[in-house]
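Please read them beside the sequence and the coordinates.

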Amino acid sequence: MDMKKSKTTKCIVLVQIFVLLLSGCGLSAQPNEKKQYTKTYLDVFDTVTTIIGREESEEAFQKKAEQIHETLVTYHQLFDIYNDYEGIVNLKTVNEQAGKEPVVVDRKILDLLLLCKEEAELTEGAVNIALGSMLDIWHEARAEAIENPETAKLPDRNALENAMEHTDISQLLIDEEENTVFFADDKMKLNVGAIAKGYAVEKAIEGVTGNYLVSVGGNVRVTGPKTEEGDPWTVGVQDPDHPDTYRYKLCVTDGSVVTSGDYQRYFEVDGKRYHHIIDPKTLMPSAYYRSVTVVCKDSGRADAMSTALFNLPLEEGKVLAEKTGVQVLWIPISGDPVMTEGMEKLIAPFSSRFSGKTGR
Ligand code: AMP
Ligand code: MG
């Protein structure tokens, strides 16, 4: 994931993760003994984490929030490809060593990688964590452009093509008995930025019951309705042209909402924007949509699908959505938004009543 810390990149990330959390969707809240509490953390996945929950006491809420946060910290450290943590073999270690010899890893890493292999197969490579070597080149170009905008330049085409030779996920060998990871291609690198955050959120809410919402940089997972009376949570879909406002609101009671968007991380060369989701077919920022929002139960699946669908033409995307049972809102670069039938039932246009950055 993109966890290289620079002030500038961090600002961009912070700007794009506002989530609209409102009560409503037509049902009126009844008075009851439980109260809603909110806690924010800034130390995982290089973004803002917000936990909202209803409990009878603040202590009960703090305890659950801390438990969710602790799990997120564990996954953040294991899945980090940019930073080392004392005594921890993480994906940075794997990227550095697995080309030379099998690396023994925590089972949590193995489980993530096994799922990522499945998602790459299912999406025919539209989301592929083995793109790391190629994505590193884009990452570098973006980091340099953000530091020195006046000398911003695109990655070298040859370098991208050469790196693309080392992105075959079947060369990622996992031994579940020995708990090891090995790269049969020693130039291969993993980049789990498309899936890890959503996956970690899903793990963090395992066993959490009641009325909770966890948002890690806009990867939203809710564990039940917003209130005991069954009022749904409302999650805003950002307007890609004005990411500090919302274009739609979605009502969800149990499940995940994840968006991939061209406004989330990007740099500019000669006034043209180059965003962070790279189409493995063109080796360029994918050029179909401004954003793709996915709603389904599992947050790891939602995260994987939002990136994959962002890289697929609409007709192929519709087939994939049907096959995986996810609901989707596509906001194309040109033309009207398109959505699956199930999405139509969850969505409402953003109304001025809800304007502003966040609301609860
Ligand atoms: P997301 O915001 O979930 O769509 O994930 C985007 C992040 O995933 C990027 O910042 C890259 O680190 C990584 N990424 C970009 N393109 C791809 C791709 N085609 N397959 C897998 N990961 C990608
Ligand atoms: Mg994703």
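1. Of the contacts between residues at least 6 apart in sequence, 64% join residues at least 24 apart; contact means heavy atoms within 4.5 Å. The model is predicted: local features need pLDDT of at least 70, side-chain atom pairs count only at pLDDT 80 or more, and totals for chains, interfaces and linings use all residues. Side-chain values use heavy atoms, without hydrogens and water, residues are numbered from 1 along each chain as its sequence is written, and chains are lettered from A and ligands numbered from 1 in the order in which they are written.

2. The protein has 10 helices and 19 strands (DSSP runs numbered from the N terminus: H or I of at least four residues, E of at least two). Of its 360 residues, 54% count as buried, that is, under 20% relative accessible area with a 1.4 Å probe, protein chains only.

3. The magnesium ion (ligand 2) is coordinated by A194 (O), D303 (O), D303 (OD) and T307 (OG1), at 2.1 to 2.4 Å. Donors are N, O and S atoms within 2.8 Å of the metal (3.2 Å for Na, K and Ca); water is not among the atoms, so sites may look incomplete. A194 lies in the loop between strand 6 (180–183) and helix 7 (196–204) and T307 in helix 8 (residues 299–310), so the pair ties together parts 113 residues apart in sequence. A194 and T307 are both buried.

4. An open sheet of 3 strands runs in the order 4-6-5, with antiparallel pairing (at least two DSSP bridges between two strands). Strand 4 (103–104) and strand 5 (172–175) are at the edges with a single partner strand each, so one side of each has no neighbour in the sheet.

Conventions
Buried < 20%, exposed > 50% of the residue type's maximum accessible area, 1.4 Å probe, protein only.
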